[in-house]
Amino acid sequence: MTLENLLLAALLLTLPPAVWRMISGPTDADRAAAADFVFFAFIAAIALLSLSTDNPALVDIVLVATLTGFLATVALARTVDRSRP
């Protein structure tokens, strides 16, 4: 078993608790943080897939998705901050 496969397995093991937190989080901040984690774990899985398949097009997808995810994180943080009393 290669290192990429072990890392993919570790990512898959972390997703169910994060999805559970995203669904049942007691606050909007918990849900936003869990959604961020799920998104970036998915992006990490694509990056690992890019390593194992030697497909350079996947690296471009990872770069664009990472930038989009960062901007979404900033927007969610501003929204959660504004909703607090």
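The model is predicted, with a mean pLDDT of 88 for the protein chain. Its largest nonpolar core is made of five residues, and a search of the whole structure turns up one salt bridge.

**Confidence**
- In the protein chain, 96% of residues reach a pLDDT of 70 or more.
- Helix 1 has the highest confidence, at a mean of 91, while helix 3 has the lowest, at 87.

**Helix 1 and its bend**
- Helix 1 covers residues 3-24, 22 residues in all.
- At 1.5 Å a residue this helix should span 32 Å, and its end C-alpha atoms lie 33 Å apart, so the two values agree.
- If you trace helix 1 along its length, look at leucine 15, where the helix bends by about 30 degrees.

- Valine 38 sits in helix 2, and it counts as buried because its relative accessibility is 19%, under the 20% cut-off.
- Setting aside neighbours within four places in sequence, valine 38 is in contact with Leu15, Ala18 and Val19.
- Threonine 14 is 24 residues away from valine 38 in sequence, yet their C-alpha atoms are 8.7 Å apart in space.

**The largest nonpolar core**
- The five members of this core are Ile43, Ile46, Leu58, Val62 and Ala65.
- As general background, nonpolar side chains in soluble globular proteins tend to be buried together.
- Alanine 65, one of the core residues, is in contact with Phe39 and Ile43 once neighbours within four places in sequence are left aside.

**The salt bridge**
- Arginine 31 pairs with aspartate 28 in a salt bridge, and their closest N and O atoms are 3.7 Å apart.
- Both residues belong to helix 2, three residues apart, or about one turn of the helix.
- In an α-helix there are 3.6 residues a turn, so residues three or four places apart point the same way.
- Side chains of opposite charge can pair when their charged atoms come close.
- Arginine 31 counts as partly exposed because its relative accessibility is 31%, which falls between the 20% and 50% cut-offs.

Methods:
Residues are numbered from 1 along each chain as its sequence is written. This is a predicted model: local features need pLDDT of at least 70, side-chain atom pairs count only at pLDDT 80 or more; totals for chains, interfaces and linings use all residues. Side-chain values use heavy atoms; hydrogens and water are left out. A nonpolar core is a set of buried Ala, Val, Leu, Ile, Met, Phe, Trp, Tyr and Cys residues joined through side-chain atoms within 4.5 Å. Buried means under 20% relative accessible area, exposed over 50%, partly exposed in between (1.4 Å probe, protein chains only). Contact means heavy atoms within 4.5 Å. A salt bridge is a side-chain nitrogen of Lys or Arg within 4 Å of a carboxyl oxygen of Asp or Glu. Helices (H or I, at least four residues) and strands (E, at least two) are DSSP runs, numbered from the N terminus. The expected span of a helix is 1.5 Å times one less than its number of residues. The bend at a residue is the angle between axes fitted to the seven residues ending there and the seven starting there. pLDDT is the predictor's confidence in each residue, from 0 to 100.
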